[in-house]
Amino acid sequence: DATMTDIKEVKALPAVTEDCGTLFYGDCLNILQRRGLDGKRHIKDESIDLIYLDPPFNSNRIYNVIFQEPTGQGAASQIKGFNDTWTWNDDIAEEYETLKTMGGKVADALMGLEKILGTAPGYSGNMFAYLVMMASRLVEMRRVLKPTGSIYLHCNQTAGHYIKIVMDAVFGVENFGNDIIWSYTKVGGTQKKFMKSHDIIFRYTKTNHFVFNMDAVREPYSESLIKSLKHDDKGSYYTRGLGTDNSMNRIEKTYIHPNGRIPGDVWEISWTIGKERLGYPTQKPETLLERIINASSNEGDVVLDPFCGCGTTIAVAQRLNRKW
């Protein structure tokens, strides 16, 4: 399996082309906006087939990351992963002014959110700073996304309802696809609220002509459903229902797809466990990324993860023969 425990060896893994991927180190906004000495952008317009991002959630946490070795032992060095706290500062103010100068729905949405949240120190001001930070980067992500491309933004309840407003402005309300609930089991909680047991993933497309491989992500039918169905002499399962001509004396067979059902928008996928776990505090399970990448890209397509973390997206993309 492709893992990110040793980034230096990623390009040497089998079953992918030599130019399978590029890893940039730095702020994704700078990378997305940057041009080389020849004037060409590092990431060209409309060059990306699929974007998945799991950005910081403005959860007011500081993550100190201890990466584990493949043996499961802790690495000798410890690094500070990121400070998931956003405050209004000169950099954010400059990004905001740039977005306002651009005009359009993104500027309108942010100016409306500013009236609600403000920029003063504290929870509301920090939230608005976070939204400006995300808006700047989402604008660039839309630029690099192909017309047939999709973007999946992973967030939680802290900022998700605000982020959707920003995404509506950047990608268009008409290009909203799904509000996916990733449901998982957790132990614990507090006495003052219900236990948090899900994240949110917003799926948008750039246009109404996009890649969606429904057969690649079908799930097996439940045993109870299979037991309730009938099957013909060829072994194909079907349900029985009244005919469509309002006649009460004609019966039709409705066959189910042999490869299973299309998943709904509630995905019950367990947290990362076992050998897959690298010790990164916000690591997501490979099964989650497999479904997203299989559904919205094809072999040889290019996948972008602007907030790479411990590299789960890269590992899965490479194993599924995508470039990244």
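Reply: Two strands pair if DSSP finds at least two bridges between them. Strands (E, at least two residues) and helices (H or I, at least four) are DSSP runs, numbered from the N terminus. This is a predicted model, in which local features need pLDDT of at least 70, side-chain atom pairs count only at pLDDT 80 or more, and totals for chains, interfaces and linings use all residues. Residues are numbered from 1 along each chain as its sequence is written, and side-chain values use heavy atoms, with hydrogens and water left out.

Me: In what sense do strand E1 and E4 pair, parallel or antiparallel?
Reply: E1 covers residues 48-53, and E4 covers residues 145-155. Tyrosine 52 stands opposite tyrosine 152 in E4. Over five bridges, the sense of the E1 and E4 pairing is parallel.

Me: Which residue in E6 is the bridge partner of tyrosine 152?
Reply: Strand E6 (residues 198-205) pairs with E4 in the antiparallel sense over six bridges. Within E6, histidine 154 has isoleucine 201 as its bridge partner. For tyrosine 152, the partner in E6 is arginine 203.

Me: Which strands stand at the edges of the sheet?
Reply: The open sheet has six strands in the order E10-E5-E6-E4-E1-E11, with mixed pairing. Each edge strand has a single partner strand, so one side of it is left without a neighbour in the sheet. The edge strands are E10 (266-268) and E11 (303-304).

Me: How many of the 11 residues of strand E4 are buried?
Reply: Buried means under 20% relative accessible area, exposed over 50%, and partly exposed in between (1.4 Å probe, protein chains only). Strand E4 is largely enclosed by the rest of the structure, because the number of its residues that are buried is eight.

Me: Is aspartate 199 buried or exposed?
Reply: Side chains of opposite charge can pair when their charged atoms come close. A salt bridge is a side-chain nitrogen of Lys or Arg within 4 Å of a carboxyl oxygen of Asp or Glu, and lysine 196 and aspartate 199 form one at 2.8 Å, N to O. Lysine 196, at 32% relative accessibility, is partly exposed. Aspartate 199, with a relative accessible area of 3%, is buried.

Me: How many residues apart in sequence are the parts that glutamate 219 and arginine 261 tie together?
Reply: The closest N and O atoms of this salt bridge are 2.8 Å apart. Glutamate 219 lies in the loop between E6 and helix H6 (223-228), and arginine 261 in the loop between strand E9 (251-255) and E10, so the separation in sequence is 42 residues.
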